[in-house]
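Subject: Model for your files

Hello,

Here is the structure I said I would pass on. My notes on what was found in it follow below.

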Amino acid sequence: MLHNSVMASRDSGNPSGSGGASGVASHQPQNSHPSNMTPAVGSGGGAGVPVGSVAASGSQAGGEAAGRVSNVQRIQQKKAQVRAWPRDKKLEKLAIYSSCRADENCKCNGWKNPTPPAHPARPDTPQPAAPPSQPCRCCTHTLGDHVSHLESASDDDLDRLLSIVVDVENLFICVHREEDPDTKQVYSYLFRRLRKCILQVSPPTVEGPLGTPPFERPSIFKGVTNFVLHKFNHLQQKDFQMMSDLAKMFLHCLNHWRSETPSARRAHTTPEESSAYKVNYTRWLCFSYIPQLCDSLPHHETTAIFGRTFLRAVFHTLRKQLLDKFRAEKDKMPAEKKLLLLNHFPRFLSMLEEEVYSNSSPIWDADYRPQLPPHLHNQAAERGSTAARGEFERLSVQPGEGQYTTVSLTPATARRPRQDERGEKREGEDISDSTSNKRIRIETEDLGEETVAEVVATITDPRKMVGPEVLFSENAARDEAAKLEERKGNIEFHVIGNSLTQKVSKQTMLWLIGLQNVFSHQLPRMPKDYITRLVFDPKHRTLALIKENRPIGGICFRMFASQGFTEIVFCAVTSNEQVKGYGTHMMNHLKDYHVKNNVLHFLTFADEFAIVTILLSHIIKKLIERKQSEIRKVHPGLTCFRDGVREIPIEAIPGIREAGWKGPSTPSSRSPNHEQQDPEYLHSMLKTLLCNVKNHAAAWPFQVPVDPNEVPDYYDHIKYPMDLKTMTERLKANYYVNSRLFNADMLRIFRNCRFYNHPETEYYKCANNLEKYYINKAKELGLLESKEK
């Protein structure tokens, strides 16, 4: 794959750079692939330019910049040196940025050395620390008065504050060297913000009128993902993979691209456009650009927090600069890459441009669900629809975007066992058993039959036995998204029906046929002839939910107006359009329709699964309330930590055993041979963990094996290679009989990357970030033993 040649550049961690106007240098070209856009932090007043190399050879920048260490690397070296200082020297450094705490009236906000050296040594060579009794030149209070709040702080806390100090000092240089007023203002704001964080000993955050990421949905990442699936899902696997790699490269370039300043854009944009761009430029500096230098600030990828508006503002400039760079360096490219970058990439960008600036493009719709290409669709069918994204996983939606937590009330979908968990339902199998196995599990070993019976006896209110109130609050607005779609004209609602006395339009008949298909598909246990007879019965009406001129859901009913009620017969929404609030909104429309006709009551019949679920919910609630009333007792707070105790056993907490705690019940507390006893559980946990890792933003360099044709010396250095694709294949083949094998392969990926790549490369950083994420996830799932943690 394209990214493998980037990941495997062993010497790519020796960037060269030179100081810019802001005192923070950009990285110079250092790698052999266009996707290796290395971050540069700093600024300038000119137009935005790509940062890093898109060359086809591994040449370094020449001239006086060659061999010079970048400022970004020097900052990291500086932080490492500061962390190595003795504790008293660290406290002296922090005292300079800490307010005096001798008394409330002292306003000194930092300790000043009364006898600074006449010829200060290099900043990275710490002088002997001043004694705690050394007075401040400003307020005359001692050094110890300025750091009294840090005396009991751990070394990790001091190192974190010192990292902020280094960032503050670098931002101070940026403020005084920056010439662009808009950029200078942002540097100044962040300088003051970090300075305040040191004073208050609080974690750095960016606050104010800018808002919090993400700033627009769908994100650029999601839009480009939708674009690839929308435009290229008809291609064969090889061609589709090429387009997905081009998309990945484009997103990577945009994440490490330096935007032009608002002052540079004012000459060729309207005042309104300039004002809007200035807001996004400020957000980009605060959340994406400067945090690459000041790593104590929270960092967000540009493509993850910005959407179509930002992409429209920068697309033309970015496209021109990328293509100019490729053309300028085409003579250095291998033939295969030249074809890719000079032929396919321009066509890719032209097609993307149409979707970016088209007002009717579907890829920017938050509810757009693209179709998978055939080869991925087949894989999805094999593995189950819930976890199949196939080879496009590197461009899949990130966690937090497009994810829903839902409670399905559709009887048909509730009754059907998931294919990937249980396979086809066996003839004669009791559906109540299958649902209780996977969906509902109540352990009553400590309750007893009498207790449960007593609780059930308390549920006598008919309103508590049926209806969705137990799952949702009465005031919960579950159909807001559907309301918005209806206002936009994306969905419509029509009450339609057959007639024997009047001519029925062709459109109505087509909709009725579509509704019959929806009900038949979603209610498989209903006889099809019964559904057909009622849908086309002239006495019945159906509230049809129409999207793109086809029915995707409906409620079939028969009104008994003289008796004041309506019987609801069928209610369903097609499976790929569920969890969007359509069902709730559809029911609200049905209520409005009946209110207009002065019919105020509904009659329907719930299946046994819905009734059991609701009753169980109330039983559990009552049992919890009863248990709480038995153990409700206030215990005194723990005081052992004041005496220096760092941790205590959970069972030592007063009242915890009385509350019913019996020890850890998480997977980590399972017996050593549990994995062999329950292989299905292990496989499910490992599959979940592997999917999470593969979908992480830092996982892109490790998705497939390194190509030896692109990186000839890789396997000379790495004797035991490993990648996420190989792990996926091993998992399918049931190779991982225990979590230790899985953990060994995963950690080998990160060790190989750090061994082959320089610490300053993006791939080295990806390995660290992904390893940290993996370890945290594995601990949550109980798949790491103590010695492995």
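The protein chain has 29 helices and 7 strands, where helices (H or I, at least four residues) and strands (E, at least two) are DSSP runs numbered from the N terminus. This is a predicted model, in which local features need pLDDT of at least 70 and side-chain atom pairs count only at pLDDT 80 or more, while totals for chains, interfaces and linings use all residues. Residues are numbered from 1 along each chain as its sequence is written, and side-chain values use heavy atoms, with hydrogens and water left out.

Of the 789 residues in the protein chain, 43% are buried (buried means under 20% relative accessible area, exposed over 50%, partly exposed in between; 1.4 Å probe, protein chains only). The accessible surface of the protein chain is about 41,300 Å², and carbon and sulfur atoms account for 52% of that (Shrake-Rupley method with a 1.4 Å probe; for residues, only the protein chains shown count as cover). Among contacts between residues at least 6 apart in sequence, 69% join residues at least 24 apart, a contact being heavy atoms within 4.5 Å.

The sheet

Five strands form an open sheet with mixed pairing, in the order β3-β4-β5-β6-β7; two strands pair if DSSP finds at least two bridges between them. At the edges are β3 (491-496) and β7 (601-603), each of which pairs on one side only. From one strand to the next the twist averages 30 degrees. Strand β6 (residues 565-573) pairs with β7 in the parallel sense over 3 bridges, and T566 stands opposite F602 in β7.

Two helices go with this sheet. Helix α20 (residues 506-522) packs on the sheet and touches β3, β4 (541-547), β5 (550-560) and β6, with its direction at about 90 degrees to that of β5. Axes here are lines fitted to C-alpha atoms, for helices over the stretch in contact, and angles run from 0 to 180 degrees between N-to-C directions. Helix α21 (residues 528-535) lies across β5 and β6 and runs at about 125 degrees to β6.

Aromatic rings

There are 26 aromatic pairs. Rings of Phe, Tyr and Trp (its six-membered ring) pair if their centres lie within 6.5 Å; planes under 30 degrees apart count as stacked, over 60 as edge-to-face and the rest as tilted.

F315 and Y357 make an edge-to-face pair, because their ring centres are 6.3 Å apart and their planes are at 80 degrees. F315 is in helix α12 (residues 308-328) and Y357 in helix α13 (residues 335-357), so this pair ties together parts 42 residues apart in sequence. F315 is buried, at 0% relative accessible area, whereas Y357 counts as partly exposed at 30%.

F750 and Y774 make a tilted pair, with ring centres 6.5 Å apart and planes at 50 degrees. The pair links distant parts of the chain, 24 residues apart: F750 is in helix α28 (residues 739-756) and Y774 in helix α29 (residues 762-781). F750 is buried, with a relative accessible area of 0%, and Y774 is buried at 1%. Ring pairs join F750 and Y774 with F702, Y735, Y736 and F742 in a cluster.

Two arginines lie over ring faces: R265 over Y277, at 4.1 Å from the ring centre, and R730 over Y735, at 4.5 Å. The rule is that NZ of Lys or CZ of Arg is within 6 Å of the ring centre and within 35 degrees of the ring normal.

Regards
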